[in-house]
Amino acid sequence: MLPELVGVLFLVGMIGLIMLGIPIAFSMLIVGTVGMVTMGGTLQAQSQLILNFWGTGTNFVLTAIPLYILMGQLVYRTGIASDLYEAVYKWLGWLPGGLAITSVVACAGFGAVSGGSATAVATLGPMCMPEMRRYNYSDRLAAGSIASAGTLGILIPPSVFLVVYGAWTETSVGHLFIAGIIPGILMTLAFAGMIFVRCIITPELGPAGPVFPWGERFRSLGKILPIFSVFLIVIGGIYGGVFAPSEAAAIGVSAIFLIALVMGRVDLSSLKEALLGTMHTSAMLYLIVTGGHMLGHFVVLTKLTENIVNWMDTLTYSPLTMIALFSIMYILLGMVLDVWAMLILTIPFLFPVILKLGLDPVWFGIYVIVMSELALITPPIGVNVYVMAKVAPDVPLGEIFKGVAPFFISVLLVVVLISVFPEIVLWLPRLAFG
Amino acid sequence: MLQILTVMRAISRVLDHIGGLVVLPVLTIVMTVDVIMRYVFNAPFIWGLELDVHLLIIIFMFGILECTRTGGNIRMDLVYLHMPDRARRMVALLLCAIGCYIFVLLAGKAASEIPFLLSIQEESEYLHLPKGWYYTGIVAVSVLMALYFALRAVSIVIGSAVPEDEIESETQGEM
């Protein structure tokens with residue numbers, strides 16, 4: 001049988017396994033392993049298994065994974081996240097749709113000190129939702145804004161998704177982190193601007209909240225100081241070349257821990273929960289990254305990537321047309337696949353194509369993460385929407401999905417912007433690293 | 001059988017606790033102090049990076065059993081949740097077979113390399129951490145994983161466990 005056909009059959013099989021409910025990591029591991037047994041024999045598959053388990057486990061870049069997760073866990077469990085929400089609320093709550101805007105900005109702030117997405121929804125949802133209800137916000141806007149804003153966490157550095165992308169494609173994580181800053185801010189502004197405009201047109205969607213005196217507002221700034229300073233240390237350190245992203249993560253964890261300790265927010269049980277919670281997520285990601293590597297090696301053996309790149313070479317489409325096609329593909333995949341599955345299935349094929357098209361791997365990393373943000377809110381399996389449904393069980397799932405629709409369009413607009421003007425992504429890393 | 005699963009659960013928790021409550025804080029402290037030593041005292045730990053990665057693999061390996069046992073691996077349960085009970089059991093058995101196969105292969109290969117690694121005394125450059133011992137750890141964890149999947153399969157077949165025990169929302173493992 002042709003190796004390419006073997007590759008296609010195994011990949012279809014993997015999608016089948018994922019759909020059946022086999023964990024993504026195990027689906028990749030088994031397809032990669034059995035595929036390699038088929039192509040090169042059991043010994044080769046076994047050698048690749050041990051090489052990948054050892055190589056991934058001892059990859060210095062990946063030390064960032066447990067550390068950034070721990071950073072987010074500490075922010076979540078020490079109440080620093082609620083301080084952030086309170087401060088932003090005092091500054092922006094009075095605007096039309098101000099409480100929803102507050103949720104967006106608070107999620108962006110939370111994303112600046114944590115690496116993921118669903119935690120932001122789970123952490124800030126219980127704070128934001130009751131407040132918006134108190135001011136008679138539409139459930140659709142309230143739940144939709146929190147579910148969508150949670151996605152900002154995977155784009156705004158530090159981002160665990162970017163670390164994994166960097167490890168898979170051997171792209172500098174430092175470059176990726178710095179590149180994520182401007183699109184992250186842009187996305188936050190797009191979300192906030194959209195809420196503001198909608199609430200001006202239809203005020204009953206999100207009435208303005210209370211106006212706080214200036215003195216109180218300025219006093220509240222002290223509450224965002226911990227998150228702001230940690231973000232500054234971590235990202236400033238990477239930007240200035242003071243330390244590597246992994247080291248920055250360790251410094252960030254230590255800084256958050258010390259700040260929380262000084263504020264009297266650390267107790268043994270929450271610390272234990274944070275550490276054990278980090279273990280679970282890190283182990284889960286370890287298996288996914290290892291599975292991704294196994295699958296990648298198998299795909300290379302089948303020459304599928306090589307053939308796709310050669311085929312793409314014969315197409316005469318411009319890079320922008322190709323990006324548009326990729327975007328449609330990602331939106332469709334986001335409807336049926338989990339974000340990790342989507343990334344694992346596409347990156348081994350698209351990355352060489354992207355290089356062939358002359359596109360920057362850092363730009364592609366940010367683009368892929370933005371597309372992943374869409375997948376997190378796309379029906380029927382948008383993870384953030386389900387987390388939000390747990391936070392607000394009385395809001396029907398359909399209402400939340402309708403609520404995220406305008407945010408979906410905002411993300412698409414940002415995709416168009418960064419595709420037409422790649423400098424939005426690349427300017428800052430070029431400025432920092434040349 | 002229930003007793004074996006109880007012992008397994010205890011081992012899994014101990015490994016998880018060692019990784020999370022001991023190794024992870026040590027990793028954080030070593031990396032932080034290394035950066036401080038480098039910039040403040042111009043005296044970085046020459047062995048810092050080496051220790052970091054050897055701690056990292058302990059964190060990962062010690063966490064996978066508990067993560068798997070508690071249903072922490074991301075999965076898409078959209079179709080699964082609508083399956084009849086019999087089909088769910090089949091899927092759970094398939095997962096057990098997959099897990100067993102992968103970790104038996106891994107344990108076999110790692111075990112076969114240990115004598116060679118020990119004979120040539122392959123170790124890390126500065127701290128002289130023997131790679132053979134790490135491979136022994138990989139073998140031990142892989143055997144535990146394979147054993148867990150095998151026991152799980154048996155308990156599903158004899159009906160003492162329902163597949164849902166291990167199934168939680170796909171957000172369980174999300175960050």
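In what order do the elements of chain B run from the N terminus on? They run α-α-α-α. The model is predicted; local features require pLDDT of at least 70, side-chain atom pairs count only at pLDDT 80 or more, and totals for chains, interfaces and linings use all residues. Residues are numbered from 1 along each chain as its sequence is written, chains are lettered from A and ligands numbered from 1 in the order in which they are written, and side-chain values use heavy atoms, without hydrogens and water.

Chain B holds 4 helices and 0 strands. Helices (H or I, at least four residues) and strands (E, at least two) are DSSP runs, numbered from the N terminus. The radius of gyration of chain B is 20 Å, well over the 16 Å that the globule rule gives for 175 residues, so chain B is more spread out than a compact globule. This radius is taken over C-alpha atoms, and the globule rule is 2.2 Å times the number of residues to the power 0.38. Along the principal axes, the C-alpha atoms of chain B fill a box of roughly 65 × 40 × 25 Å.

Of the 175 residues of chain B, 53% count as buried. Buried means under 20% relative accessible area, exposed over 50%, and partly exposed in between (1.4 Å probe, protein chains only). Chain B exposes about 7,900 Å², and carbon and sulfur atoms supply 69% of this area. Areas come from the Shrake-Rupley method with a 1.4 Å probe; for residues, only the protein chains shown count as cover. Among contacts (heavy atoms within 4.5 Å) in chain B between residues at least 6 apart in sequence, 74% join residues at least 24 apart.

K109(B) lies in helix α3 (residues 85-119) of chain B. K109(B) counts as buried because its relative accessibility is 12%. Leaving aside neighbours within four places in sequence, K109(B) contacts L43(A), Q46(A), S47(A) and I50(A).

In chain A, G398(A) belongs to helix α19 (residues 397-420). At 39% relative accessibility, G398(A) is partly exposed.

Cysteines were examined next. A disulfide is taken as a pair of cysteine sulfur atoms within 2.5 Å. By this rule, the count over all chains is 0. C128(A) is in no disulfide; the nearest cysteine sulfur, that of C107(A), is 6.1 Å away. C128(A) is buried, with a relative accessible area of 0%. In chain B, the sulfur of C100(B) is 7.3 Å from the closest cysteine sulfur, in C96(B), which is too far for a bond.
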